Structure formats: structure tokens, C-alpha cells
Amino acid sequence: MHTLFLTLLIIVSLALIVIVLLQSGKSAGLSGAISGGAEQLFGKQKARGMDLVLHRITIVLAVLFFILALAIVKI
């Protein structure tokens, strides 16, 4: 059982790394570098399309990672 959880944890970890690297930055481009954090603070941009899908997959994989890590510690 421990080996199964450890294998799943490694797979989820690698998938989480790949998904995070696929996401675009919040301040992509030169305009984001100039405006700084004000756009994030006051702007109301919602993620759409592929960014939304990647965001949701990241949340699911992160939750799975923590659950599997806690399961390994308990075993």
C-alpha cells in the first residue's frame, strides 16, 4: 500500500510541476513590467479558456498531493 501511494505521489508531483510551468505569468510582456502590481490589485481580469483549465487542474493536483503526502505519513 505504501508503494502504491508513493508511486501516485511521484506521478502527481511531476504532473503538478508540468502544469505550473505551462501556465502563463500574470504580468506577461513589457506592459506588465511597467504597471507592476497595480493592475493585479485594481484590475478585474478573469481567467478564460486554457488559463482557467490549467488553474483548476493545478488546484486539483495540489489537493491530491497533500492528501497523498498525509496518507504516506499515516502509513
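Leaving aside neighbours within four places in sequence, I72 is in contact with H2, F5, L6 and L9. Contact here means heavy atoms within 4.5 Å. I72 is one of the buried residues of α4, and F5 and L9 are among the buried residues of α1. Buried means under 20% relative accessible area, exposed over 50%, and partly exposed in between, with a 1.4 Å probe and protein chains only.

This is a predicted model, in which local features need pLDDT of at least 70, side-chain atom pairs count only at pLDDT 80 or more, and totals for chains, interfaces and linings use all residues. Residues are numbered from 1 along each chain as its sequence is written, and side-chain values use heavy atoms, with hydrogens and water left out.

Start with the overall layout. The protein chain has four helices and zero strands. From the N terminus on, its elements run α-α-α-α. Helices (H or I, at least four residues) and strands (E, at least two) are DSSP runs, numbered from the N terminus. Of the 75 residues in the chain, 17% are buried. The accessible surface comes to about 6,100 Å², and 73% of that belongs to carbon and sulfur atoms. These areas come from the Shrake-Rupley method with a 1.4 Å probe; for residues, only the protein chains shown count as cover.

How far can the model be trusted? pLDDT is the predictor's confidence in each residue, from 0 to 100. The chain has a mean pLDDT of 83, and 72% of its residues reach 70 or more. Where pLDDT is low, the predicted coordinates should not be read in detail.

Now take α1, residues 2–22. Its 21 residues reach 30 Å from first C-alpha to last, close to the 30 Å expected at 1.5 Å a residue. The expected span is 1.5 Å times one less than the number of residues. F5, L9, V12, S13, L16 and I19 are buried in α1. Seen down the helix axis, the buried residues fall within an arc of 135 degrees, so they line one face of α1. The arc is that of the directions from the helix axis to the C-beta atoms. The face turned away from this buried side carries the exposed residues T3, I11, L14, L21 and L22.

What covers the buried residues of α1? The cover includes α4, residues 50–74. Helix α4 has 25 residues and reaches 36 Å from first C-alpha to last, close to the 36 Å expected. In α4, L54, T58, L61, L68, A71 and I72 are buried. The cover over these residues includes α1.

The largest nonpolar core holds 10 residues in all: F5, L9, V12, L16, I19, L54, L61, L68, A71 and I72. The elements that give two or more residues to this core are α1 and α4. A nonpolar core is a set of buried Ala, Val, Leu, Ile, Met, Phe, Trp, Tyr and Cys residues joined through side-chain atoms within 4.5 Å. In soluble globular proteins, nonpolar side chains tend to be buried together.

L68 of α4 is buried, with a relative accessible area of 9%. Not counting residues up to four places away in sequence, L68 touches F5, L8, L9 and V12. L68 and F5 are 63 residues apart in sequence, yet 6.4 Å apart in space, C-alpha to C-alpha.

T58 also lies in α4. At 16% relative accessibility, T58 counts as buried. With neighbours within four places left aside, T58 is in contact with L16, I19, V20 and Q23. The C-alpha atoms of T58 and Q23, 35 residues apart along the chain, are separated by 9.5 Å.

Q23 sits in the loop between α1 and α2 (30–35). Is Q23 buried or partly exposed? Q23 is partly exposed, at a relative accessible area of 30%. Beyond four places in sequence, Q23 touches L54, H55 and T58. Q23 and H55 are 32 residues apart in sequence and 7.9 Å apart in space, C-alpha to C-alpha.

Step back to the whole chain. Among contacts between residues at least 6 apart in sequence, 94% join residues at least 24 apart.
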